[in-house]
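Dear colleague,

I am handing over the structure below, and after it I set out what was found when its atoms were examined. Please read the notes with the coordinates open beside them.

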Amino acid sequence: MKRVRTLFRNVSALVLCLWAGGVLVSCGSLQQYSYDELKPAKVSFPTEIRTVAVVNNAVPATAVQWGRVTAGTLQGDARLTTESLAEVLADTKYFQQVVICDSAFRADADPSVRLLEPVAVDRLAADLQVDMLLSVDQVEVANERKSYLLPGIPVPVEALQTKVTPVLHVYLPGRDTPLYRVVQTDSLDWELNPALSDPEIIEEAAHASALLLSRVLVPYWEPATRLYFDGGGVEMRDGAVYAREGDWARAKELWTAAYQGTRSKGKQAKAAFNIALACEMTGAVEEADEWLGKSIRLAEKGSVLAQACAVYAAQLQARRVDLPLLNAQMSRFGDNF
């Protein structure tokens with residue numbers, strides 16, 4: 001794989017990692033906890049939607065050759081995007097069944113998006129015995145040469161940037177218009193070297209476009225980072241051990257004892273910060289917000305703790321926004337998620 005990197009999708013997460021890395025040097029008691037966080041999809045479907053079909057409604061991919069990189073815009077491989085999207089959706093197990101229909105409906109060369117007629121939607125849904133159709137209508141791939149300044153490298157790095165823009169429509173039988181129109185764009189950066197060729201770029205773009213679309217359609221897991229303090233007493237240290245083992249109830253118990261067992265505002269502030277994290281990890285986001293508020297009020301202005309509180313407050317706010325939507329989307333599973 002010659003891809004350099006995908007562009008950073010979450011700038012705040014990057015800033016947090018860089019900031020925390022610097023703080024860790026000067027404050028040995030501040031640690032990072034990394035985990036996977038379930039994020040809500042951009043769109044929501046009724047719980048009655050159990051079976052879906054992913055269909056290819058795009059023009060054939062632009063003919064490409066090995067040993068050549070085309071500057072400008074190409075039509076990506078919608079067939080491969082259709083297959084990859086169906087595979088990703090099936091792996092999530094969000095729907096009971098995912099059916100694939102990767103035979104192209106179109107043979108023309110016009111790259112414009114063409115919607116499915118209502119009668120075609122009804123017939124196809126009946127033939128495939130599904131509740132909903134996901135139509136991959138276009139996968140646009142645009143290549144452009146770029147120069148990047150990367151950390152630790154004194155000279156610009158020459159690379160090829162590939163912008164991938166898939167277009168998808170969601171159809172329900174019996175409707176005259178699509179339920180949703182989904183358009184997403186992301187970028188892939190490639191090291192410029194003689195081995196890089198259009199077919200490799202087209203294939204990677206197809207997989208990337210499928211991942212982009214899936215994150216709009218179904219909940220997905222994303223790496224997340226939180227901070228906590230493991231210094232300031234036996235309870236703080238032992239609570240951190242339990243936290244790293246995933247026993248957040250025991251960690252909260254010990255950190256609460258640390259909070260109640262000291263009159264030092266600094267130690268109370270750090271304990272309250274940790275208790276907020278334990279509450280969040282067990283789903284009690286409102287309680288987490290209350291404990292973080294205590295930590296903020298006790299923290300010395302301009303201190304490392306005050307900075308950590310500001311970062312965490314933003315993270316908790318984002319989580320409060322996500323959770324109602326996520327709970328609604330996952331209601332089809334009851335409490336089994």
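**F273 and the nonpolar cores**

Leaving out its neighbours within four places in sequence, F273 is in contact with L227, Y228, F229, L292, S295, L305, A308, C309 and Y312. Before going further, please keep in mind that this is a predicted model, and that what follows was computed from it. F273 belongs to the largest nonpolar core, which has 74 residues, and it is listed with L85, M132, L168, L217 and W255 as the members that touch the most other members. Helix α7, residues 265-281, gives the most to this core, with 9 residues. Apart from it there is a second, separate core of 11 residues, and this one includes V99, C101, L124 and V130.

**The chain as a whole**

The chain has 337 residues, of which 45% count as buried, and its secondary structure comes to 9 helices and 10 strands. Its C-alpha trace spans about 75 × 55 × 30 Å along the principal axes. Among the contacts with a separation of 6 or more, 72% are accounted for by residues 24 or more positions apart.

**Helix α9**

Several of the contacts of F273 listed above, including L305, A308, C309 and Y312, are also among the buried residues of α9. This helix covers residues 304-329, and its 26 residues reach 37 Å from the first C-alpha to the last, which is close to the 38 Å expected at 1.5 Å a residue.

Strand β7, residues 157-171, is largely enclosed by the rest of the structure, because 12 of its 15 residues are buried.

- Strand β9 pairs with β7 in the antiparallel sense over 6 bridges; in β9, D186 is the bridge partner of V164, while W190 stands opposite L160.

Strand β9 is mostly covered as well, since 5 of its 6 residues are buried.

A polar atom of the Q138 side chain lies 2.7 Å from the backbone oxygen of P111. With a relative accessible area of 13%, Q138 is buried, as the cut-off for that term is under 20%. For a sense of distance across the model, the C-alpha atoms of Q138 and A224 are separated by 32 Å, and these residues are 86 apart along the chain.

S197 has its place in the loop between β9 (186-191) and α4 (198-217). Although it sits in a loop, S197 counts as buried because its relative accessibility is 2%. Residues up to four places away in sequence being set aside, S197 touches Q65, W66, G67, R68 and V69. With one of these, G67, there is a polar approach, in which the backbone nitrogen of G67 lies 2.6 Å from a polar atom of the S197 side chain.

S29 is likewise placed in a loop, the one between α1 (11-26) and β2 (30-39), and it is buried, with a relative accessible area of 15%. Apart from its neighbours within four places in sequence, S29 is in contact with Y228, F229, D230, G231 and K270.

With best regards

Conventions
Residues are numbered from 1 along each chain as its sequence is written. This is a predicted model: local features need pLDDT of at least 70, side-chain atom pairs count only at pLDDT 80 or more; totals for chains, interfaces and linings use all residues. Side-chain values use heavy atoms; hydrogens and water are left out. Helices (H or I, at least four residues) and strands (E, at least two) are DSSP runs, numbered from the N terminus. Buried means under 20% relative accessible area, exposed over 50%, partly exposed in between (1.4 Å probe, protein chains only). A polar contact is a pair of N or O atoms within 3.5 Å; within protein, one must be able to donate a hydrogen and the other to accept it, and residues adjacent in sequence count only if both atoms are side-chain atoms. Contact means heavy atoms within 4.5 Å. A nonpolar core is a set of buried Ala, Val, Leu, Ile, Met, Phe, Trp, Tyr and Cys residues joined through side-chain atoms within 4.5 Å. The expected span of a helix is 1.5 Å times one less than its number of residues. Two strands pair if DSSP finds at least two bridges between them.
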